[in-house]
Amino acid sequence: TPLLQKMSRAAYATYILHPLAVISIALILKTWQVDPALKFLVAAPIAVTISFLVAMLVIKLPGVKNIA
């Protein structure tokens with residue numbers, strides 16, 4: 001599908017950029033007083049989504065497309 005093709009193309013950029021999303025989400029949720037497992041279940045899908053969206057935007061920048 002077209003979405004999976006775009007995600008596949010963005011996989012390496014996602015790998016490089018995902019720490020930014022994970023740390024940002026963790027800092028935002030730091031004061032949320034809930035069970036850590038619940039916090040993980042909320043934070044993980046958000047971090048994955050943000051990571052892929054940012055990566056898809058980054059690979060549209062001129063010159064980045066040539067990097068394998």
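Let's start inside: A47 is buried, with a relative accessible area of 7%. Buried here means under 20% relative accessible area, exposed means over 50%, and partly exposed is in between, with a 1.4 Å probe and protein chains only. A47 sits in helix 3.

A word on the model. It is predicted, so local features need pLDDT of at least 70 and side-chain atom pairs count only at pLDDT 80 or more, while totals for chains, interfaces and linings use all residues. Residues are numbered from 1 along each chain as its sequence is written, and side-chain values use heavy atoms, with hydrogens and water left out.

Now the overall build. The protein has three helices and zero strands. From the N terminus on, the order is α-α-α. Helices (H or I, at least four residues) and strands (E, at least two) are DSSP runs, numbered from the N terminus.

How does the radius of gyration of the protein compare with that of a compact globule of 68 residues? The protein has 14 Å, whereas such a globule would be near 11 Å. That radius is taken over C-alpha atoms, and the globule rule is 2.2 Å times the number of residues to the power 0.38. The C-alpha trace spans about 45 × 25 × 15 Å along its principal axes. Of the 68 residues, 19% count as buried.

Next, helix 1, residues 2-9, where L4 lies. L4 is exposed, at 55% relative accessible area. From L4 to T31 is 27 residues along the chain, and their C-alpha atoms are separated by 35 Å.

On to the surface. W32, L38, F40 and L41 make a nonpolar patch of about 430 Å². L41 is in helix 3. It counts as exposed because its relative accessibility is 60%.

Patch residues have over 30% relative accessible area and no salt bridge; like charges are joined within 9 Å, and nonpolar side chains (Val, Leu, Ile, Met, Phe, Trp, Tyr) within 5 Å. Areas come from the Shrake-Rupley method with a 1.4 Å probe, and for residues only the protein chains shown count as cover. A salt bridge is a side-chain nitrogen of Lys or Arg within 4 Å of a carboxyl oxygen of Asp or Glu.

Last, charge. Which residues gather in a patch of positive charge on the surface? K6, R9, K60 and K65. K60 lies in the segment after helix 3 (36-58). At 67% relative accessibility, K60 is exposed.

Key. Lys, Arg positive; Asp, Glu negative; His and termini not counted. Charge placed at Lys NZ, Arg CZ, Asp CG, Glu CD.
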